[in-house]
Amino acid sequence: MSTENASASSVVEDSAAPGQATRLEQTNPDYDPNVVVETQNLTKIYRDFWGRQKVRALNALDLEVRKGEIFGLLGPNGSGKSTTIKLLLGLLFPTSGRALVFGKNATEVTKNERIGYLPEESYLYKFLTAEETLDFYGRLFDMPAAVRKERVESLIEQVGLTWAKRRQLKEYSKGMTRRIGLAQALINDPELILLDEPTSGLDPLGTREMKDMILKLRDQGKTIIMCSHLLADVQDVCDRIAVLYQGDLKELGRVDSLLQVSDETQIRAKNLPDAAAEEIRAVIAKHGGEVLSVDNPRTTLEELFLDIVRESQARPGHRSSGVDSN
Ligand SMILES: Nc1ncnc2c1ncn2[C@@H]1O[C@H](COP(=O)(O)OP(=O)(O)O)[C@@H](O)[C@H]1O
Ligand SMILES: [Mg+2]
């Protein structure tokens with residue numbers, strides 16, 4: 001993981017100031033086990049070699065992530081998502097404010113034994129096979145050989161790579177690399193899983209499968225923080241999201257309530273005759289409402305695409321009737 005920092009060679013990281021260490025080591029006396037992550041006024045300014053301020057990557061972030069939820073950090077490139085994740089892992093030191101993970105200061109690396117991390121860029125050794133890779137990480141966690149073997153097999157199966165487990169990672173596609181990255185993040189059976197752009201580079205099928213794997217992890221009681229710049233990914237899997245823009249928190253809340261348009265009402269019906277639709281329009285008008293639309297609901301492009309793929313797998317060579325011939 002330290003390679004993450006090494007890549008930022010032109011920048012000198014802020015190190016903990018003298019006298020700060022004891023404070024950093026302290027755990028929070030008001031620790032609530034249902035709050036897995038808490039950030040208070042968390043700020044990160046990257047500095048250049050001479051210590052001059054360079055980029056304010058994260059500005060006074062306050063958030064709480066609760067046990068068992070999928071929390072999304074959403075924002076365009078450069079909005080501070082990866083910086084937040086690295087601060088939670090203790091790979092970076094905050095410029096001010098603090099982050100608590102399991103009630104401990106994020107700079108305490110021992111807490112990382114309970115965390116799984118999928119970085120934005122894969123850093124796995126490409127001459128190892130999937131099995132060897134996971135075995136290597138199992139050894140790092142001091143797992144006995146028998147436990148390791150079983151865990152490696154079950155993780156490879158969980159991420160759908162059994163068919164390719166003896167191939168070297170250099171032969172893996174981007175999608176397969178993301179899968180083995182996820183398996184590696186799960187080797188220590190972590191309680192908290194940090195996923196940095198988990199669907200990056202995946203095609204729609206791979207994306208759907210990754211999302212399903214994330215939802216399954218939540219069903220197993222894990223807490224997940226994922227960041228993404230892809231709106232659909234976040235909308236489909238996250239319980240709550242924080243929207244970041246240029247390091248500032250712009251919006252925080254439950255996805256369903258953020259997306260709900262509270263002054264509009266949607267009525268959906270099947271097999272409704274035109275006359276009945278007219279009657280409904282009249283009822284709405286009678287009550288002083290305004291009809292905005294009466295039409296067939298739209299699906300998402302992702303759903304449509306997946307339907308087409310499923311249909312063509314079930315009936316090869318058949319053209320879907322829903323597809324316009326124009
Ligand atoms: N090591 C670094 N040194 C200097 N600036 C950095 C470094 N890492 C990230 N940044 C800058 O901090 C901002 C936030 O970056 P990042 O957290 O990676 O955003 P995101 O993950 O949302 O795309 C960006 O402007 C980026 O250029
Ligand atoms: Mg990033």
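Predicted model: local features only at pLDDT ≥ 70, side-chain atom pairs only at ≥ 80, totals over all residues.
**Exercise 1.** Determine how helix 4 is oriented relative to helix 5, and which residues meet between them.

*Solution.* 
Step 1. Helix 4 covers residues 130–140 and helix 5 covers residues 145–158; the two pack at an angle of about 130°, and their axes are 9 Å apart.
Step 2. Because of this angle, helix 4 is oblique to helix 5.
Step 3. The crossing of helix 4 with helix 5 is right-handed.
Step 4. On the side of helix 4, the residues are A130, E131, L134, D135 and G138; they meet R148, R151, V152, L155 and I156 of helix 5.

**Exercise 2.** Carry out the analysis for helix 4 and helix 6.

*Solution.* 
Step 1. Helix 6 spans residues 174–185 and packs with helix 4 at an angle of about 25°, with the axes 10 Å apart.
Step 2. Angles under 35 degrees count as roughly parallel. Helix 4 is therefore roughly parallel to helix 6.
Step 3. Helix 4 and helix 6 form a right-handed crossing.
Step 4. From helix 4, A130, T133, L134 and Y137 take part, and they meet I180, A183 and Q184 of helix 6.
Step 5. The contact of helix 4 with helix 6 contains five nonpolar residues, two polar ones and no charged ones.

**Exercise 3.** Describe the length of helix 10, how far its residues are covered, and what follows the helix.

*Solution.* 
Step 1. Helix 10 consists of 13 residues, 274–286.
Step 2. From the first C-alpha to the last, helix 10 reaches 19 Å, which is close to the 18 Å expected at 1.5 Å a residue.
Step 3. A residue counts as buried if 20 or more other C-beta atoms lie within 10 Å of its own. Among the 13 residues of helix 10 the count of buried residues is zero, and the helix is hardly covered.
Step 4. After helix 10 comes G288, with a positive phi near 80°.

**Exercise 4.** Is T265 buried or exposed, and where does this residue lie?

*Solution.* 
Step 1. T265 is located in the loop between helix 9 (255–259) and helix 10.
Step 2. T265 has 9 C-beta neighbours inside 10 Å, and therefore counts as exposed; the limit for this class is 12 or fewer.
Step 3. Along the chain, T265 and L292 are 27 residues apart, and their C-alpha atoms are separated by 9.7 Å.

Note on methods. Residues numbered from 1 in each chain as written. Chains lettered and ligands numbered in written order. Axes fitted to C-alpha atoms, helices over the stretch in contact; angles between N-to-C directions. Helix = DSSP H or I, 4+ residues; strand = E, 2+ residues; numbered from the N terminus. Parallel < 35°, antiparallel > 145°, perpendicular 65-115°, else oblique. Left-handed = near helix turned anticlockwise from the far one by under 90°. Contact = placed C-beta atoms within 7 Å. Expected span 1.5 Å × (residues − 1). Nonpolar A, V, L, I, M, F, W, Y, C, P; charged D, E, K, R; others polar.
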